[in-house]
Amino acid sequence: MSERLLEIRGLVKHFAVEGTREMVHAVDGVDLGVMKGETLGLVGESGCGKTTVGRLVLRLLDPTAGELLLDGHDLVRLPRKELRRLRFRMQIVFQDPFSSLNPRMTVQTLLTRPMEIHLTLSAVARQARLEELLEKVGLRGEHRSRYPHEFSGGQRQRIAIARALSVNPDFIVLDEPTSALDVSVQAQILNLLKQLQRDHGLTYLFISHNLSVVRHMSDRIAVMYLGQLVEVASRDALFTAPLHPYTRALISAIPALTPRGRRERIRLTGDVPSAIRVPSGCRFHTRCPFASDRCRSEAPTLRQVAVGGEAHQVSCHLVP
Amino acid sequence: MGALLEVRNLRTHFFSRAGVVRAVDDVSFSLGRGEILGLVGESGCGKSVSSLSIMRLVDRPGRIVAGEILFEERDLLQLAKEEMRRLRGSRLAMIFQEPTSSMNPVFTTGSQIAEAILVHERVSRKAARERVLRLMQLVGIPDPERRFRQFPHQFSGGMLQRMMVAMALACNPSVLIADEPVTALDVTIQAQILDLIKELRDRTGASILLITHDMGVVAETCDRVAVMYLGKIVETAALEPLFEAPRHPYTVGLFASIPRLEETVEWLQPIPGTVPSPLDLPAGCRFRNRCPHALPICAEAEPPTLEVAPGHRVACFLYEAGGRA
């Protein structure tokens, strides 16, 4: 599993604030590799830039700077035509199944249209594939002629997953795929995603604000704060020995599912600073309970640290 | 703990063109003095409609069709509109999920809280303003003088939710209804607001009805819990027994489907199927088509509410013959 499928290098995305000269530093220098067959979790709070990373990776947005390599193909410099030929390999499932499915299309059209564009299949073969997809995601054959509004949120997310799978991708960005669902249905969808990954050897970039869900789904996890990665580690390393104060605060803030069983909490004060005027030095210093003078002036970089021989990256002056 | 607020056999139905939705259907619970009661359930279970019913804020096509809501020995449903309006925002206060849509964007936040005081009490503007500044300090807003003059868009979600808490507390309510108060907030900010709500209970002795879909929030905050499914309360218990020994198959299923931080499992155990349409409820127990333990009788009659342990009530046939499952 050590082969890289996707390589992100120095990724930057700035958005201009209308009517001003200011810039939103949505993504500000992200380096990250996604291995073949793994689930890489990307977590952070609202506005940290995780969704923007997902869209940049699929080239739904143009990066301000940086490189994106899918299996060695440079997605940023590739001519549009050739990029389109690679599109079938990378798909996305969005958070809101109510707005990501065209309400005027039947399930059949939603699932076969991508095949018509990306795959060379006969009409008969497309129908066979449609049947197969519906079954795979737990829908029935009779559902094909129905419209999205006839389905519940969980079923719509199944349709969105089937649509992503329809072109046989090897990489799927899952952007908060269960955040709009109730927990009992969320469990169905998470199980489905895991099963599909096994059956098809899929690679996932799993974006979420929910640490428990990310932990359940991911092999490795990257934590993002204000446009930058603060820590990248294996699932177990991140949860048993988190190094960055932000990661530790984030984990400790999750309510435990046992009464009065609250973890020792690292309290963060203040609000997330604006991504327009990012703090000097370490971007987390305004909320970090351990910040020193150095943190206020000098920006730390994401670097490899040795913890029990495992790959663990962190961006903090305080970690030796 | 004597009951301060008691909801008895409440039914709130919505008369839509497609049919009658029995959003709240024979719901009873009580809220003790100084108690934090969690009302939990998934979307569409009726938890929000229950809270709106208490405040008598249910709009057409919805209507409270039966029941009693006793507050300080009076039935809120019998009060004249004017009397109800005097209670609302003073003795009974409410915090909503979306702080940004709960405030008027064209007035300063401080003036909106002051107005809440001026509507209910005969105090001078100056006194109202001073009380608002004190409240802002209480809920942890730095630099209240400056913040008072700011508009809602100048606040972050967490800070604005603090302002909403301050507004709710403006007239010393004895009952505070918080409807998903932290759902729209980031987890580090969530923890701050939940701490604040608990502190307030400790300091003011107010009773709090906390409506949420998040079992973690319940575990952190509540003393007692009522679990709702499709318009009915299926289980009521103190916090520990509910988490340690849930009895209703729905509650059990809910816990099994949540990924936990302290436990690694390969597969989650979802509740099979989906919530039926509220327009087409199954006869008998509403959970039976998703229940792994359903009996023939579950399709025939509504399950009775049984007390399986002191204060622990379950609406399920499985416990009728002395408690199995």
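Phe71(B) stands opposite Arg74(B), a residue of strand β5(B), in a predicted model. Strand β4 (residues 62-71) of chain B and β5(B) run antiparallel and are joined by 2 bridges. Helices (H or I, at least four residues) and strands (E, at least two) are DSSP runs, numbered from the N terminus.

Residues are numbered from 1 along each chain as its sequence is written, while chains are lettered from A and ligands numbered from 1 in the order in which they are written. In this predicted model, local features need pLDDT of at least 70 and side-chain atom pairs count only at pLDDT 80 or more, whereas totals for chains, interfaces and linings use all residues.

**Sheet of chain B**

- An open sheet of 4 strands has the order β2-β1-β4-β5 (chain B), with antiparallel pairing; two strands pair if DSSP finds at least two bridges between them.
- The edge strands, each pairing on one side only, are β2 (19-32) and β5 (74-75) of chain B.

**Confidence**

- The mean pLDDT of chain A is 93, and 98% of its residues score at least 70; pLDDT is the predictor's confidence in each residue, from 0 to 100.
- Chain B likewise averages a pLDDT of 93, with 98% of the residues scoring at least 70.
- For the complex, the predictor gives a pTM of 0.91 and an ipTM of 0.86.

**Contact between the chains**

- Chain A contributes 30 residues to the contact and chain B contributes 32; two residues are in contact if their C-beta atoms, placed from the backbone, lie within 7 Å.
- On the side of chain B that touches chain A, two or more residues come from each of α7 (157-169), α8 (187-204), α9 (215-221), α10 (239-244) and α11 (249-256) of chain B.
- The most residues on that side, 5, come from α9(B).
- By class, the side of chain B that touches chain A has 16 nonpolar, 11 polar and 5 charged residues; Ala, Val, Leu, Ile, Met, Phe, Trp, Tyr, Cys and Pro count as nonpolar, Asp, Glu, Lys and Arg as charged, and the others, Gly among them, as polar.

**Helix α7 of chain B**

- The 13 residues of α7(B) reach 18 Å from first C-alpha to last, close to the expected 18 Å; the expected span is 1.5 Å times one less than the number of residues.
- Of the 13 residues of α7(B), 12 are buried; a residue is buried if 20 or more other C-beta atoms lie within 10 Å of its own, exposed if 12 or fewer, and partly exposed in between, with C-beta atoms placed from the backbone.
- The buried residues of α7(B) include Gly158(B), Gln161(B), Arg162(B) and Leu169(B).
- These buried residues pack against β6 (92-95), α3 (99-102), α4 (109-120), α5 (125-138), β7 (175-179) and α8 of chain B.

**Loop residue Glu121(B)**

- Glu121(B) lies in the loop between α4 and α5 of chain B.
- Glu121(B) is partly exposed because 14 other C-beta atoms lie within 10 Å.
- The C-alpha atoms of Glu121(B) and Ser90(B) are 9.1 Å apart, although 31 residues separate the two along the chain.

**Overall form of chain A**

- Chain A holds 10 helices and 12 strands, and 45% of its 320 residues count as buried.
- Along the principal axes, the C-alpha atoms of chain A fill a box of roughly 65 × 50 × 45 Å.
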